[in-house]
Amino acid sequence: MVTIVRVYMRVTMVTIVRIYMRVTMITIVRVTTHVLMLGSCEKLPAEDCSVDVVTVVQAVHYFDLPAFFEEVDRVLKPGGILGLVSFSIGPFCVDSPTLKQAANCITDLFIQSVLPEQAKLLSESYKNMELPYPDRRDDQVAMVTSWSLQDYLEVCMTFSQVNNKIRALGLSVEEGYGHVTQMLREGGMTEEDVKSVYTWSQPAVLVSARKPKV
């Protein structure tokens, strides 16, 4: 997003969650030509043929894809580009074998079981996602970061579907977090294991598609 903001004179960021507006506006408050708006993928807040690039980061697998692609076709200018970026579900590469096993178990618990349809798209690296235009795909990339198992668990706990699943079990989100943490400890993870920071590498997918000029 930082690169896009620097390259384009005007960037409109769309979120369906109001709280994200308060968080994101802190980073762009000094850039008056960039706008953050409430909206949805099925009804993008843009005029017909008015947009050069539409990007989605780690979210398109949640969308109503036919409705979203119809909106993309409506708002993109001829020759405009649709770009999709996401992590892929695959084995983590982590410096610690113990941490790697625990991270993959959390992925199975929270993503594979709670979000089966989305997990299928991610595990296939969007290969079977039919885009509205001819596309280029690169699944030979990875997201690399430095964080702890606790960081990863906290990210998983922000997924709304995960929260809904936890509440359906009669637990609060805090209780669900505590339950998973206890499971890790019972599996032999120490407090140091959970909080130690390591370099993580996770498979990622990049997809771009260009709207025909005529």
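**A walk through the predicted chain**

The protein chain has nine helices and seven strands, where helices (H or I, at least four residues) and strands (E, at least two) are DSSP runs numbered from the N terminus. This is a predicted model, in which local features need pLDDT of at least 70 and side-chain atom pairs count only at pLDDT 80 or more, while totals for chains, interfaces and linings use all residues. Residues are numbered from 1 along each chain as its sequence is written, and side-chain values use heavy atoms, with hydrogens and water left out.

Of the 214 residues in the protein chain, 38% are buried; buried means under 20% relative accessible area, exposed over 50%, and partly exposed in between (1.4 Å probe, protein chains only). The accessible surface of the chain is about 12800 Å², and carbon and sulfur atoms hold 56% of that surface. These areas come from the Shrake-Rupley method with a 1.4 Å probe, and for residues only the protein chains shown count as cover. Among contacts with a separation of 6 or more, 75% join residues 24 or more positions apart, a contact being heavy atoms within 4.5 Å.

Cys49 sits in the loop between strand E2 (35-38) and E3, and its phi is near 50 degrees, a positive value in a residue other than glycine. Most residues other than glycine have a negative phi. Cys49 is partly exposed, at a relative accessible area of 42%.

Val51 belongs to strand E3 (residues 51-57). With a relative accessible area of 19%, Val51 counts as buried. Apart from neighbours within four places in sequence, Val51 is in contact with Ala46, Val75, Leu76 and Lys77. Ile81 is 30 residues from Val51 in sequence, and the C-alpha atoms of the two are 8.9 Å apart.

His61 is buried because its relative accessible area is 5%. Its side chain makes a polar contact with the side chain of Tyr126 at 2.7 Å; a polar contact is a pair of N or O atoms within 3.5 Å, and within protein one must be able to donate a hydrogen and the other to accept it, with residues adjacent in sequence counting only if both atoms are side-chain atoms. Not counting residues up to four places away in sequence, His61 touches Ser86, Gln118, Leu121, Leu122 and Tyr126. Between the C-alpha atoms of His61 and Met129, 68 residues apart along the chain, the separation is 9.2 Å.

Thr145 is part of strand E6 (residues 135-148) and is partly exposed, at 34% relative accessibility. Beyond its neighbours within four places in sequence, Thr145 is in contact with Tyr198, Thr199 and Trp200. Gln202 lies 57 residues from Thr145 along the chain, with 8.8 Å between their C-alpha atoms.

The last stop is a helix pair. The axes of helix H6 (residues 149-156) and helix H8 (residues 173-186) come within 11 Å and cross at roughly 145 degrees. Such axes are lines fitted to C-alpha atoms, for helices over the stretch in contact, and angles run from 0 to 180 degrees between N-to-C directions. Leu149, Gln150, Leu153 and Glu154 of H6 meet Tyr177, Val180, Thr181 and Leu184 of H8 in this contact.
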